[in-house]
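Here are a few notes from my look through this one. Have the model open as you read.

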Amino acid sequence: MSWGIELWDQYDTIASHTQKGIDFCERFTHFLKDRCAIELKYASELKKLVKNYQPKKKEEEEYQQYSWAVKFWEVLKELHDLAGQHEVIAENTQGQVIKDVQILIGEMKQQRRKDLQDGAKVQDTLKDSLAKLDKSRKNYEKAFKMAEKATDDYRKADADINLSRAEVEKTRNQMMIKNNQCDESKNEYAAQLQQTNQHQRDHYTQQMPAVFQQMQSMEENRINKIKSMVRQVADIERSVIPIINTCIDGMVKASDGISAEEDSKAVIDKFKSGFPIPEDIPFEDLSNASVIDTSNANGTPKNSLDSRKGTVSDKKRNKKDKKGGGGLFGIFSSSKSGRIRIIGLLGEESKEDFSDLPPNQQRKALNKKIEEFKKEIARETAEREGMLKMKDVYVNNPALGDPNALEKKIEENALKIDSLQAEMRKFQGYLANMDGKPSPAGQRRSSLSDDSISQSSTNMEMSQTSIPGQPQIVPNEPEVYTDEEFEEERAIDDEDGDHVGEFDHPEGDFDEEGYPVIGTCRALYPYEAGNEGSVAMGEGEEMFVLEQDQGDGWTRVRKHDNSEGFVPTSYIQCHFYDQDEV
């Protein structure tokens, strides 16, 4: 079907129709822009919703162990990703479809303007031809009338006997002139008519159909482009559906991960105090002035609330405070090592050991703290090993770097490891005291001779005046008791029936002749033995390892001259034989 044949007389209608097509493209552009704005606003509102319901730091720490809270946060993450897909729809639509529509509109306007100009030229050519035809026709009519009048005048003159022959001849000549002019006008009119008919035939069969065909092609191209763009919009949305489905699947998976049983167990783990259930309240027989404890098989009176007053160490402290060791209003309280702990007049004592928590929660907090120290020590140790290896490489090949440049970093690393180990041992001691067991570091220190007390004091002084370029060694400080305090503590233990025995030396811990060699070590720094039980060493000296560091910062070694003693662990690099077996 061709517009040039079927719509040969609808030029103005076709021109108006193509303009409507361009108007539709502009309206389609506005539609896509509004659609993108809605998608972006929807995505923004979803993200705002996710942000408003994101857990705060306090809530995250409080609820992160519950599946319903954790999975809800996962749903929020999936919803945030889903919102991002709506942004993708808007961005792709803006970057691809809207841009193509705008290009199409520009091309159509330019093509339509050109086609209308071509059509106007063809129309003007036909109008000129018709105007010439009309003019020639009018000339012919005028000449014909004048010829008729001249013929009538000649006939009248020829019939009039009063006129001379010359006047009649003049009238006849005038008639002949007018007839000739009429014939010329007639010929011009016939020729113009033939030319105009040819122009009109070409106009309606060739020229205007060509213009119509161009406009038809432009319109069909517009329709095909609109069809492609509508499909492209659908494909853009379809392309994100798999990701949206993945987000929805993630929400479903999160819902499946919610477990009432696990959450109930988490509540128990979090809030379990570890206190025993209160015993039955004893009956007080006022007539016999005696108390019968229905819950005690031996009949010994016992207050049921004692089980909630604290741990064994708390009861010992209370007994000691009753004997006058608590200080004025409890402002100053003395620890077993003789150090003073200052408590605010109105505030409470700092709960570094988490003793303000119930036993079960205290144990969890201490274990968590110890694990944090272990991870940090492992990280620092790995960093230290890396620096030592790098130093060896620099020593073997000075062109790669200066080994002295790493000395300060190795010193700082050694100090940090010692500090972390001391902190970890402190919390291990808290945990051991809570469980009623002496800490590993305490057992090792108690197995040494009594001279180790003075050794610790000397080491503390050395740590403050250490030689530059060496890490400071701060060994564990042993707990010191005076004779009076020892006897008082022993009496308190006898009353409670508890025998901690921190000053009992385990048999067989240190046999001077019975330590096997378990590895070798090399001194990284020189060390002067300022304490009894330790041995001096020079930088780079090779020695045998007899006993590993038990957590107190000291390793037992044997030198090549068969002298034995302890050296700081951070001053040496060890290699154990069991590593070779593995």
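Which residues form a nonpolar patch on the surface? Keep in mind that this is a predicted model.

1. The patch is made by L49, Y53 and F72, and together they have about 300 Å² of accessible area. To find Y53, go to the loop between α2 (11-52) and α3 (57-63).

2. Next, have a look at how α2 sits against helix α5 (residues 165-256). Their axes are 11 Å apart and the packing angle is about 15 degrees. An angle under 35 degrees counts as roughly parallel, so α2 is roughly parallel to α5. From the α2 side, the contact is made by Y11, I14, A15, H17, T18, G21, I22, F24, C25, F28, L32 and R35. The α5 residues taking part include M208, F212, M215, M218, E219 and R222, and also I226, M229, V230, V233 and E237. As for handedness, α2 and α5 make a left-handed crossing.

3. You'll find Y140 in helix α4 (residues 67-159). Leaving out residues up to four places away in sequence, Y140 touches C182, S185, K186 and Y189. The C-alpha atoms of Y140 and Q181 are separated by 8.7 Å, with the two residues 41 apart along the chain.

4. Last, the pair formed by helix α6 (residues 260-271) and helix α8 (residues 359-396): their axes come within 7 Å and cross at roughly 90 degrees. The two helices are therefore roughly perpendicular to each other. D269, K270 and F271 of α6 make the contact with N360, Q361 and K364 of α8.

Definitions and conventions:
Residues are numbered from 1 along each chain as its sequence is written. This is a predicted model: local features need pLDDT of at least 70, side-chain atom pairs count only at pLDDT 80 or more; totals for chains, interfaces and linings use all residues. Side-chain values use heavy atoms; hydrogens and water are left out. Patches are made of residues with over 30% relative accessible area and no salt bridge: like charges are joined within 9 Å, nonpolar side chains (Val, Leu, Ile, Met, Phe, Trp, Tyr) within 5 Å. Accessible areas come from the Shrake-Rupley method with a 1.4 Å probe; for residues, only the protein chains shown count as cover. A salt bridge is a side-chain nitrogen of Lys or Arg within 4 Å of a carboxyl oxygen of Asp or Glu. Helices (H or I, at least four residues) and strands (E, at least two) are DSSP runs, numbered from the N terminus. Axes are lines fitted to C-alpha atoms, for helices over the stretch in contact, and angles run from 0 to 180 degrees between N-to-C directions. Angles under 35 degrees count as roughly parallel, over 145 as roughly antiparallel, 65 to 115 as roughly perpendicular and the rest as oblique. A crossing is left-handed if the near helix is turned anticlockwise from the far one by less than a right angle, and right-handed if clockwise. Contact means heavy atoms within 4.5 Å.
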